[in-house]
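Let's take a friendly walk through this model together. Have the viewer open as you read.

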Number of protein chains: 2
Amino acid sequence: MANETIYLAGPEVFLPDPDAIGDAKKRICAAHGFVGLFPLDKALDLAGLAPLEAGLRIAAANEALMRDCALIVANMTPFRGPSMDAGTAYEMAFMRALGRPVFGYTNDARLFADRTRAFVGVTKGAGGHPRGDADPDGLLIEDFAMADNLMMHGGALASGGVVEVDQVDGPDRFTALAAFERCVKEARAVLG
Amino acid sequence: MANETIYLAGPEVFLPDPDAIGDAKKRICAAHGFVGLFPLDKALDLAGLAPLEAGLRIAAANEALMRDCALIVANMTPFRGPSMDAGTAYEMAFMRALGRPVFGYTNDARLFADRTRAFVGVTKGAGGHPRGDADPDGLLIEDFAMADNLMMHGGALASGGVVEVDQVDGPDRFTALAAFERCVKEARAVLG
C-alpha cells in the first residue's frame, strides 16, 4: 500500500470531461502533500469486450486501485435520487473494511431525511410508520441528522474521517470543490 | 467469524414490520443449512441518544454484525431512484473487502442503464455524452448490461457470488423472496 495516496471517489467519473475534475482534485491533493488517484487513471483495454465483461474489468481495476490507496475522499452529493451514487457508497465501505480513513463531502446541505421527504413528497411529521415518517410504499424515512444513510456517515466518522457539507445549486454541485478541499486538509491533520 | 452465517442486507429494514421479512429470510436460510442474521437482531439501547449518536451506534452495530458473518445476501431492488439502497451497497462492499462471498438479488429485471434512462427521461441512443447517453445534467448513463452500478455487480461476481434477477411489480418488490432463495441455494453450492 502506498502511503499518502488518496482514492478520489465520486460520480464525476460520469462527467463529459472527467479528467478536468480529476486533475483539479489532484492539484488540491498535491497542495496538501497527497497524491490523488482518480478511477480513470487505470488505462484499460476494453476493446472487443462484451459490456458485462467491460464492466467487470473496470470494477476489478477500481478495487485494485483502492487497495493501493491510504484513504478515500468520496463525493456524497446526491445522485439521481435522495442518496449519493451507490457505486461511491460501495467504495467508501470497501476502504472502511480495509481499515483506512474514509472522508466524505456533499454539496447538498440538506439532511438526508429532509431530502428524502422532498423526493417522495412527504411532509415532516406526517408519520405513517411505527418509527416515523413513511414513503408512499410504507417504508420508513430514516431520520438521524446525517448527510446520507447511516452506514456511510457512520462509517466515515468511525474510521476517523469527517463528512463536510456545502450547498451548491445546479450542475456545479458535481464539480464544486470547497468541501472536497476541507476533507483533504482534515485528512492531512488526521494523518499528521 | 462464525461460519455459515449470512448477513441479510436490504431496505426491508425500513418496512413497518421488518421482523416479518427477517424471519421469512431466516427460515429460507435454515432450510439450506445457514443461519441468517438480520440487522435488527442487535438489540440496541438508543434511549436518550441524540439522532446522530443513535445513527452512529446502529452503523457500528451493523459493521460488527457483518464481521461475524461468512457471507452476505443483499437486496439490490431499486430504492427511491434507479439504484439500489446506498446503505445496502455499502454493506456489499464491506463484505467484499473482508474477502467474503457477496450475493445480490433484485426484483427489478430491467438493466441499470434502461432503468436510469427511464428515471431521467432519456431514450436509448439519445447520446449527449462522449461515451454514450447523458442525463439532463450531462452526466453519462452507465451502460454495462448489469443490474446496478458496476462496482456492486462486479464485486459480487468477483467474490464468487451471483446476482439473481426477478421482476416483481408494486410494493411486493421489497418482500418477494424467490430470487433471494436462489441466492441462498447458490451460496450453499459455492460453500459446499
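## How the two chains pair

Please keep in mind that this is a predicted model. Chain B can be superposed on chain A by a rotation of 180 degrees, with 0.0 Å of shift along the axis and an RMSD of 0.0 Å. This is therefore the relation of a two-fold axis. Both copies use the same surface, since 100% of the contact residues of chain B recur in chain A.

How many residues does the contact take from chain B and from chain A? Each of the two chains gives 62 residues. About 4,800 Å² is buried between chain B and chain A, and carbon and sulfur atoms give 68% of that area. On the chain B side, the residues that lose the most area to chain A are B:Arg80, B:Tyr90 and B:Met151, together 18% of what that side buries.

## Helix 5 of chain B against helix 2 of chain A

From helix 2 of chain A, the residues taking part are A:Leu52, A:Gly55, A:Leu56, A:Ile58, A:Ala59, A:Asn62, A:Glu63 and A:Met66. Their partners in helix 5 of chain B are B:Leu150, B:Met151, B:His153, B:Gly154, B:Gly155 and B:Leu157. Sorted by class, this contact of helix 2 of chain A with helix 5 of chain B has eight nonpolar, five polar and one charged residues.

## Helix 5 of chain B against helix 3 of chain A

Helix 5 of chain B (residues 150–158) also meets helix 3 of chain A: their axes come within 7 Å and cross at roughly 50 degrees. Are these two helices oblique or perpendicular to each other? Helix 3 of chain A and helix 5 of chain B are oblique.

On the chain A side, helix 3 brings A:Ala86, A:Gly87, A:Tyr90 and A:Glu91. Helix 5 of chain B answers with B:Met151, B:Met152 and B:Gly155. By class, this contact of helix 3 of chain A with helix 5 of chain B has four nonpolar, two polar and one charged residues.

## Two residues in chain B

B:Asn62 sits in helix 2 of chain B (residues 51–67) and is buried, with a relative accessible area of 7%. Leaving out residues up to four places away in sequence, B:Asn62 touches A:Leu150 and A:Met151 from chain A, along with B:Tyr7, B:Pro39 and B:Glu91 from chain B.

B:Leu44 is in the loop between strand 2 (35–37) and helix 2 of chain B. At 35% relative accessibility, B:Leu44 counts as partly exposed. Which residues does B:Leu44 touch, not counting those up to four places away in sequence? They are B:Arg57, B:Ile58 and B:Ala61. B:Leu44 and B:Arg57 are 13 residues apart along the chain, and their C-alpha atoms are separated by 8.0 Å.

## Inside chain A

A:Met95 belongs to helix 3 of chain A (residues 86–97) and is buried, with a relative accessible area of 0%. Beyond its neighbours within four places in sequence, A:Met95 is in contact with A:Met66, A:Cys69, A:Ala70, A:Leu71, A:Ile72, A:Arg100 and A:Val102. A:Leu37, in strand 2 of chain A (residues 35–37), also touches A:Cys69.

## Two backbone angles worth a look

A:Arg80 is not a glycine, although its phi is positive at about 50 degrees. A:Arg80 is found in the loop between strand 3 (71–75) and helix 3 of chain A, and at 14% relative accessibility A:Arg80 counts as buried.

A:Ala145 also has a positive phi, of about 55 degrees, although it is not a glycine. Its place is in the loop between strand 6 (132–133) and helix 5 (150–158) of chain A. A:Ala145 is partly exposed, with a relative accessible area of 34%.

How values were computed: Residues numbered from 1 in each chain as written. Chains lettered and ligands numbered in written order. Predicted model: local features only at pLDDT ≥ 70, side-chain atom pairs only at ≥ 80, totals over all residues. Heavy atoms only, no water. Helix = DSSP H or I, 4+ residues; strand = E, 2+ residues; numbered from the N terminus. Buried < 20%, exposed > 50% of the residue type's maximum accessible area, 1.4 Å probe, protein only. Contact = heavy atoms within 4.5 Å. Least-squares fit on C-alpha atoms with pLDDT ≥ 70 in both. Axes fitted to C-alpha atoms, helices over the stretch in contact; angles between N-to-C directions. Parallel < 35°, antiparallel > 145°, perpendicular 65-115°, else oblique. Nonpolar A, V, L, I, M, F, W, Y, C, P; charged D, E, K, R; others polar. Buried area = accessible area lost by both parts, 1.4 Å probe.
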